[in-house]
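Here's a quick briefing to read with the model open beside you. Take a look at the chains first, then work through the notes by topic.

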Amino acid sequence: MAEQLSQVVASMPRGRFLALMALFLGPAVAIYTLFSIYPLIATISLSTYTTDNAGAYSFVGLANFVTLLTDAVWSKPFWNAALNNLIFFAVHMAVQNPIGIALAGLLSLSGLKLKGLYRTIIFLPTMLSVVIVGFSWNLILSPLWGVSEGALKTVGLGSWFAPWLGLSSTALVTLALISVWQFVGIPMMLIYAALLNIPEELIDAARVDGLGDFRIFWYIKLPLVLPTIGLISILTFVGNFNAFDLIYSVKGALAGPNFSADILGTFFYRTFFGFQLQLGNPTMGAAVATVMFFIILVGVCLYLFVVQRRLRRYAF
Amino acid sequence: MATLSIKNLAKHYGETRVLSGIELAVEDGEFVVLVGPSGCGKSTLLRMIAGLDAPTLGDISIGDRMVNGLAPAERKIAMVFQSYALYPHMNVRKNMTFGLKFTGVERQEMDRRVAEAARMLQLEPLLERQPRDLSGGQRQRVAIGRAIVREPDVFLFDEPLSNLDAALRVSTRVEIARLHRLLRATMIYVTHDQIEAMTLADRIVVMNQGRIEQVGKPLDLYYTPANLFVAGFIGSPAMNFFKSKVERIADGRAHIAGPAVETFVAPASAALGQGASVTIGVRPEHLDIGAPGAFAAKGTVELVERLGESSFAYIRRADEQMMVAEVRGRQTPSAGDTLSLGADLADVHLFDEAGRRIEVATA
Amino acid sequence: MLKQRAQSVGVHVILIAYSLLAVGPILLVVMNSFKARRAIFGAPLAPPNPTSFSLVGYAKVFNASHVGTYFTNSLIVTLVSMGLVLLFGAMAAWALTEYRFRGSTALALFLSIGIMVPIRLGSVAILRMMREAGLNDTLTALILVYVAQGLPLAIFILSEFIQQIPKDLRDAARCDGVPETRIFFEVIAPLLRPAIATVAIFTIVPIWNDLWFPLILTSSDTTHTITLGVQQFLGEYITDWNSVLAALSMAILPIVAIYVIFSRQLIAGLTAGAVK
C-alpha cells in the first residue's frame, strides 16, 4: 500500500503547499537544472551548429558529426582517442577491479588484525588530486631521477627499466596503471562494504559445511556481491570515458608522444579550446562532447537495463 | 478533559476499506482500549483521531467541537507512540518542552508543567539526559511525560508497551493505570494484547477487519461476548468451539448434539428451534475433568503443558479437532488418557449460524 | 592451527606489500622535498638527514607563486559548495521523500540523471553562460557548477538516510503543532548529522581535486584553485626538482593530514553510503 499523505499535509491550503515545495525543492532544482541539465542540452544543440570567421552561428544539422567520423583530419584523431580510451578502460577492468576485489576479500577475513590501518593506507591515494598523482609518478618513472631503475636493480630486474611514460608504445598503459594505482581504493571500499553486509552466520554455516576461506570467498561471498561488481564496472566506465586530468597533467593537451595517450577527454579539450597551432572550435567541441555523452549514455543504459536486471540482489 | 465522539467513520485506500461504519462515544475521563488482531484498523482509527490521517467519511468530535480538518495540534490531543518518537538530539527537558514552544505557553508555565510531570513520573533525575542514555522504560516515561505537559483533552496511546520486555511491560502497565486515576483524563489506548486491554480499560472496543465487533466493560466481554470473534479473541487460551445442532425439543428444553458433543441441554428459546445449527463455546478454564454438567464432551489427551499453578491439556476430540482444558492442582492427566469433560450451563456460550450470541436463560 | 597461522601470515604479507606500493610513491615525494638537490639524485631512497636537509624548494614555491591565494580559493570554493550541497540537497531529499505529490517520482528521476552523466560534458555551454552572465573567472562560477555537480548524489544518499528516520518522529512533531518548515530544520536536519560525513566525502574530494573547471572557468592568478595553481607551477618549473617536489608535497600534506584525522568517519561514511 502506498504511503498516504499525512492529513496535516493533505489538508494544507494548495497555495501554502506549493510555497512549501518551492522553498524545499526550489534551490536544488534551479541550480541543478541551470548549471547541469541545461548546459548538457545546450551543448548537444550547439553540436548542430557551426560558426564562421565573424562568429555567427548557423545550423548545419548532423554535418559536424559526419565531419568528425569521416573527414580524415578529424576522424583519425577521434578514432585514435576512442580506441585509446577503450584500452584505458580495459586496463582498469582487468587490473583495478580484480585487485580491488581481492583486497576487499582479504580485508573482510574475520579476525584479521590491523584491517583499519590497511584500509586507510590503501585508500589514501584515492584522496589525492589526479594532478598530484600524475606528477609524482612522472618524477618517479623519470630516467633523470633514476628511482625506479634503482629500485628494479635492487631486485635484479634493472634491465626491465625503460622510460615507459615517454615511449609511444607504453605511455597509455603506464598512465592507465597510474590511474589504477590511485583509484583501486574505490572498488575495494564498495566491495568491502558489500561483503560486510553478508551475515556472519552465512559464513559460519559455510565453514561448518567444511569450506575454507578461499572457497567461501569464491562460492559464497563473490556471487553475493555481484551487483556491487556491476556497479563498480559502470562507475569505472563513466569515470574512464570522462577522464582528462591525469593525461593532461602528465602529458599535456597533446597527450604525446605522437598522440599515443590521447583519450576522448583530452581530444575534447583540444577541439574546444585549441592548442598551440590549432584553433579552438566550440561547435566541434560540442560535437565531441555529444559523442562522449552518447557513449556514456549507452554504457549506463546497458548497465541499467541489461546488467542490473540479470544480477539478483539478495536481501539478508 | 473532554468526551470524544465518532460518527459513521470510514477510511478507504482506493478499493481497500480499512475502516467502515465506526461509531463510538467515549465519556469524559474514560479509559478506552482499542484491541484487535494486526490489520484490524485500530491504529488507523487512532491516527485519524489524532489528525495524522484523514477519514474518507464521517465525523470526529472532541468535547462539543468537531475536529475534522483540524491539525493535530489544534485538537488538544497528545499521542504516545510505539517507538516513543523521542527527538534523539534533544535532552529530556527539551523533548517535553519542544512542542509547547509552538502553542504559546509561557516559559514559567512550561517549567511548572515539566516539574509536575517529572514528579509524577519520577523523571526528575533524568531531565538533562539524552534519550540515548535512557533505558526502554525510562524512554517510555519520557514519552508519556511529553504528552502530559501538553495538558491535552484526550491522550492517545499507540501500542506503547510493545517495545518493552515482559517485566517492564507489567510495571509500566500499572504505572499507566495509576496515571489515569491521577489525571482523570480521557485516554484512548491501542493494543493487540488482550491482557493490557483487560487490565487497563474502563471499556474495551474489540475491532476486526475494519469494524467494531463489540464495545463493553472487560468482564462483560469475557462473560457475554457478542459474537464468535469476540468470544475467540478475548481469553487465553482461546475458547473451544463445537459445531452442533438442536436435535429435539422436549419439556421446554433443547437437546443439542454435535460430532464432538456428547450432550448439551439448554432451555429452549426462539433461537433454539428444532434443527437449528449452533456453535457451542466453552472456555478452557470452565471445562472440568470427570464432572459432567449441562455440557459433556470426550477426547484423548495428546499433550499436557504444565505451567505450575495450572496445566493445559490439549485434547483430540471425536471430530478430530483439538480442544484445550485448564486443569488445576497437582494431579494432571497424561498423554494418552481418555477424558470426559463437563461444564455448567452458566459457563457455556451459544452462537447462532451467523455467529451472534444466543442468550440462554440460566435460572 | 599451523596451517591457519601460515595463512594469516601470508595475508598480512600481501596487505603490507600492497600498502607499501600505495604509500611508497607518496612517501618518496614528500621525503625528497626536504632534501637538497644533490641528495635527491644521489640517494633518493634515503630519508633526509642533517647534512641533506633543505627547505630551498619550499622557499621557491612561496616566492614564485601565489600558493596562499590558491589555497584560500580552494578552501572557499570547496566549503561553500559543500555547505550549499548539504543544505539544498537535504531540503530537496526531505521534500521528495516526505511530500509525495504528482510528479515527485519524475522529479526524483530527473535529479538522478546527474549521478551518472558527468556535468563536464556541458562545459562548452557552461563557459558561454558564465561569460554572458559576467561570472567568467570568478569563484562564484565554480561554486555554482560544483553545487550542480554535487546535488544529485547528495540527494540520493540523503533520501536513503531520511527513509530510515522513524516516521513516528514527524508524527510526534505534528501532534506537538510544530510547523512544517521547522519539522525539517529542528527535528529532521539535526538527525542527518551521520549522513553528512558520507555526503561530504563525495562532495569535497572531487571539488578540491578538480582540474577541469578551474582550467576552463578561471584565467587569472587571483581565482586559481590550488590544484590548478600547482599544475601550472609544475609545468613551468618542471626542471627545478626541489620546487616541484616541494609543491607536490604542499598539495599532498594537507589532504593527508585531514584524511588521517577523519579517516575513521570518512571510511565509515563511505561504507555506509555504499551499502545501498
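This is a predicted model: local features need pLDDT of at least 70, side-chain atom pairs count only at pLDDT 80 or more; totals for chains, interfaces and linings use all residues.

As for labels, residues are numbered from 1 along each chain as its sequence is written, while chains are lettered from A and ligands numbered from 1 in the order in which they are written.

**Confidence**
- The model comes with ipTM 0.86 and pTM 0.81.
- Chain C has a mean pLDDT of 84, with 95% of its residues at 70 or more; pLDDT is the predictor's confidence in each residue, from 0 to 100.

**Who touches whom**
- Between chains A and C, 68 residues of chain A are in contact with 69 residues of chain C (contact: C-beta atoms, placed from the backbone, lie within 7 Å).
- Helix H2 (residues 14-46) of chain A supplies the largest share of chain A's side, 17 residues; helices (H or I, at least four residues) and strands (E, at least two) are DSSP runs, numbered from the N terminus.
- That side of chain A splits into 55 nonpolar, 11 polar and 2 charged residues. Here Ala, Val, Leu, Ile, Met, Phe, Trp, Tyr, Cys and Pro count as nonpolar, Asp, Glu, Lys and Arg as charged, and the others, Gly among them, as polar.
- For chains B and A, 8 residues of chain B are in contact with 7 residues of chain A, and chain B's side has 5 nonpolar, 2 polar and 1 charged residues.

**Chain B overall**
- Chain B has 8 helices and 21 strands, and its C-alpha atoms fill a box of roughly 75 × 45 × 40 Å along the principal axes.
- Of its 363 residues, 40% count as buried (20 or more other C-beta atoms within 10 Å of the residue's own, with C-beta atoms placed from the backbone).
- Among chain B contacts with a separation of 6 or more, 65% join residues 24 or more positions apart.

**The S2-S1-S4-S5 sheet of chain B**
- These 4 strands make an open, antiparallel sheet in the order S2-S1-S4-S5; strands pair if DSSP finds at least two bridges between them.
- S2 (16-26) and S5 (65-66) of chain B each have a single partner strand, so one side of each is left without a neighbour in the sheet.
- Helix H1 (residues 42-50) of chain B packs on this sheet, touching S1, S2 and S4, and its direction makes about 60 degrees with that of S2(B). Those directions run N-to-C, with axes fitted to C-alpha atoms (for helices, over the stretch in contact) and angles from 0 to 180 degrees.
- S1 (residues 4-13) and S4 (residues 57-62) of chain B share 5 bridges, with Ser5(B) opposite Ser61(B).

**Around S11 and S14 of chain B**
- S11 (residues 240-250) and S14 (residues 277-282) of chain B run antiparallel over 6 bridges; Asn240(B) has Val282(B) as its bridge partner.
- Thr279(B) in S14(B) stands opposite Lys243(B), and it also stands opposite Phe351(B) in S20(B).
- S14(B) is joined to antiparallel S20 (residues 348-351) of chain B by 4 bridges.
- S11(B) pairs with S12 (residues 253-258) of chain B over 5 bridges, again antiparallel; in their hairpin, with 2 residues between the strands, Asp251(B) takes a positive phi near 55 degrees.

Methods: Two residues are in contact if their C-beta atoms, placed from the backbone, lie within 7 Å. A residue is buried if 20 or more other C-beta atoms lie within 10 Å of its own, exposed if 12 or fewer, and partly exposed in between; C-beta atoms are placed from the backbone.
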